[in-house]
Amino acid sequence: MAAASLAALAFIVRPLIFASLQAELAEARGVPLRFVSAAFLAIVAIATAECAQIVGVLLVFTLMVGPAAAAQNFSRRLAIGVALSAALALAEAWGGLTLAFYSDWPTSFWITALSGVVYFASIAARRLAA
């Protein structure tokens with residue numbers, strides 16, 4: 001799909017740039033604006049669909065590993081670690097959603113950033129306790 005998207009983009013790049021910079025002149029010169037716009041929309045949709053799986057996998061990985069690693073640094077007891085891991089994952093998910101609502105940054109960025117902050121805070125707390 002990536003190769004097909006790049007090939008399609010290479011096929012329409014010149015008319016797309018022309019239509020993007022000077023639409024009236026491109027239309028006067030015979031550039032099929034509706035076709036170029038629809039083709040570009042399809043290429044963007046395909047690229048987005050390709051990337052969504054990668055972002056989803058990384059987000060799942062972050063929510064599975066980050067809170068568990070942080071909980072392991074906060075507690076050595078299994079039951080407490082599991083409960084703390086679930087609570088941290090829930091807090092990071094809700095915090096990421098809230099921060100994304102109030103900012104221009106995406107939810108996945110905020111969840112990953114919060115997971116990193118919590119993990120590094122757990123390392124710092126463990127070192128201070130030792």
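The exercises below work through parts of a predicted model. Local features need pLDDT of at least 70 and side-chain atom pairs count only at pLDDT 80 or more, while totals for chains, interfaces and linings use all residues. Residues are numbered from 1 along each chain as its sequence is written, and side-chain values use heavy atoms, with hydrogens and water left out.

**Exercise 1. Describe how α3 and α5 pack.**

Step 1. Two packed helices are described by the angle between their axes and the distance between the axes.

Step 2. For α3 and helix α5 (residues 107–129) the angle is about 20° and the axes are 9 Å apart. Axes are lines fitted to C-alpha atoms, for helices over the stretch in contact, and angles run from 0 to 180 degrees between N-to-C directions.

Step 3. Therefore α3 is roughly parallel to α5. Angles under 35 degrees count as roughly parallel, over 145 as roughly antiparallel, 65 to 115 as roughly perpendicular, and the rest as oblique.

Step 4. The residues in contact include V55, L59 and F74 of α3, and I111, V118 and A125 of α5. By class, this contact has 13 nonpolar, seven polar and one charged residues. Ala, Val, Leu, Ile, Met, Phe, Trp, Tyr, Cys and Pro count as nonpolar, Asp, Glu, Lys and Arg as charged, and the others, Gly among them, as polar.

Step 5. A125 of α5 has 32% relative accessibility and therefore counts as partly exposed.

**Exercise 2. Find which residues form the largest nonpolar core.**

Step 1. A nonpolar core is a set of buried Ala, Val, Leu, Ile, Met, Phe, Trp, Tyr and Cys residues joined through side-chain atoms within 4.5 Å.

Step 2. The nine residues of the largest one are I12, L16, A19, A26, V31, L33, V36, A39 and I43. Two or more residues each come from α1 (2–21) and α3 (33–74); α3 gives the largest share, four residues.

Step 3. Within this list, A19 is in contact with A26 and L33, leaving aside neighbours within four places in sequence.

Definitions and conventions
Buried means under 20% relative accessible area, exposed over 50%, partly exposed in between (1.4 Å probe, protein chains only). Contact means heavy atoms within 4.5 Å.
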